[in-house]
Amino acid sequence: MINFILNMPTKIIFGKGESGRVGEIVQEYGTKALLVTGKTSAKKTGSLRKIEQSMQQAGIQYIIYDQIEPNPRATTVDKGGQIAREEGCDVIVALGGGSTMDAAKAIATVALSGRPCGEYIRGNKTGKWKELLPIQKALPIVTIPTLAATGSETNNTAVITNWETGEKSGMSGPGLHPKAAILDPELTYSVSAAYTADGAVDIFTHLYEGYFSGDENANVQDEITEGLMRNVIEYGRKAMDFPEDYEARSHLQWTSSLALIGIANAGRGGGFPVHGMEHILSAHYDISHGRGLAILTPAYFEYIVKGEKPHRLARLGRKVFQIHEKDDQVVADATIKAVVAWFKELEAYGTLQQVGIEKEKLAFMAKESVRISGLDGQYLPGPRNITSEDVLRIFEMSY
Ligand code: NZQ
Ligand code: ZN
């Protein structure tokens, strides 16, 4: 196991109906909130009204900023930051999926610094992120996830897209750790089957990235990872079939938070190459993050993981999919098949062509993914160094 520092400062309030306590929770951090949410779902489901009522009862002033789009844009963040500054907001509350929570974290940063969000995005051409990251200070943030997927509710990263430059990447730092996260699984009942599936794939990917790319002598982390994988496989499907099953939704929500809170990768490290590859696709084609991951995963397993880490694929197959053959190569092959079968069951399996990606842009995007998300812009760290030629191969295999 490699040395590590694990800092998980976010207070987690978990359970049925707990979002109704947001007012009293926010009181600890501020008096005037920018209430950040998406354009549609929170109004439609009534969750926004519930949050407003609680804030009113607690005497918290608030301004609603309901302009966040999926794959949130730097320009939307900048507008939100400006409003927060002009209105004198001293706390940012996020109600929504990963896009909303990420945008809220970026708004909390921009509101305090007055700098454009685009400068913070890791890997951007201006190079300013090198001085600005890690982010030490932002306004206090309270998250209320309405979709189980990204783990943004309890981690210190925001993934933002600069649509003008085609750059999508993370900004992160201790200042972005939410002060509190209110996990109320009932808020996720209304998530569609398709987004439930995409969320499950995203959670699974957060778990396998470090499992394949990090230190192999971290058995505690591996066992945590495998347990969380079994959960997401079981309850992802159940939540699709029974959207209002509290146990399924609560298991999925908690798995989502634990997958990327830091526990699984502390002492293991490793890169997130499939994320680097997906982010360039959603930066150019605005596809759902989880769907992009589902499309790329089989080729990544086949082309990179099977060659470099067949024993790790085999371990995953034995521990998660109960494939009990002796030979590692045989189990590795069967594991890829089992993952594909699970994606098909979730109706998340597909090709880049099916989601509208143009073949002639693949080579450009492969280069850009390594420039933006790669180590020193040279390669994506994974089970081995993944070059732009490798990324192009994976894109082509996924087409
Ligand atoms: O936009 P609204 O109207 O809110 O609707 C959303 C959106 O259309 C809808 N939705 C959310 N909660 C709902 C709901 N619909 C019905 N009922 C509810 N309760 O779902 C759609 C997708 O929402 P979005 O927030 O975009 O999805 P997700 O949570 O998957 O977030 C994806 C974003 O997070 C980034 C992704 O790259 C992407 O930009 N990520 C953030 C990470 C982080 N901060 O650590 C890590 C991830 O790997 C990821 O990169
Ligand atoms: Zn992800």
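Which domains does the domain assignment of the protein give? Domain 1 covers 11–188 and domain 2 covers 193–397; these bounds come from an automatic or database domain assignment. This is a predicted model, in which local features need pLDDT of at least 70, side-chain atom pairs count only at pLDDT 80 or more, and totals for chains, interfaces and linings use all residues. Residues are numbered from 1 along each chain as its sequence is written, chains are lettered from A and ligands numbered from 1 in the order in which they are written, and side-chain values use heavy atoms, with hydrogens and water left out.

**Stop 1: the two domains**

Colour the two ranges separately. The C-alpha centres of domain 1 and domain 2 are 26 Å apart. Their contact (heavy atoms within 4.5 Å) takes 31 residues from domain 1 and 26 residues from domain 2. Together the domains bury about 2,400 Å², 55% of it on carbon and sulfur atoms. Buried area here is the accessible area (1.4 Å probe) that two parts lose on being put together, summed over both.

**Stop 2: across the interface**

Select Glu-167 and Arg-371. They form a salt bridge, with the closest N and O atoms 3.0 Å apart. A salt bridge is a side-chain nitrogen of Lys or Arg within 4 Å of a carboxyl oxygen of Asp or Glu; the rule finds 2 across the interface of domain 1 and domain 2.

Next, show β1 (11–14), β6 (157–162) and β7 (167–172), the elements that give two or more residues to the side of domain 1 that touches domain 2. Helices (H or I, at least four residues) and strands (E, at least two) are DSSP runs, numbered from the N terminus. The largest share of that side, 3 residues, comes from β7.

**Stop 3: the zinc ion**

Select ligand 2, the zinc ion. Asp-202 (OD), His-206 (NE2), His-275 (NE2) and His-289 (NE2) coordinate the zinc ion at 1.9 to 2.2 Å. Donors are N, O and S atoms within 2.8 Å of the metal (3.2 Å for Na, K and Ca); water is not among the atoms, so sites may look incomplete. Along the chain the donors follow the spacing D-x3-H-x68-H-x13-H. Asp-202 lies in helix α7 (residues 193–213) and His-275 in helix α10 (residues 273–285), so this pair ties together parts 73 residues apart in sequence.

**Stop 4: two backbone details**

Go to Pro-134, in the loop between α6 (129–132) and β5 (141–145). A cis peptide bond joins Leu-133 and Pro-134, with omega about -5 degrees. Finish at Glu-347, in the loop between α13 (328–345) and α14 (362–373). Glu-347 is not a glycine, yet has a positive phi of about 60 degrees.
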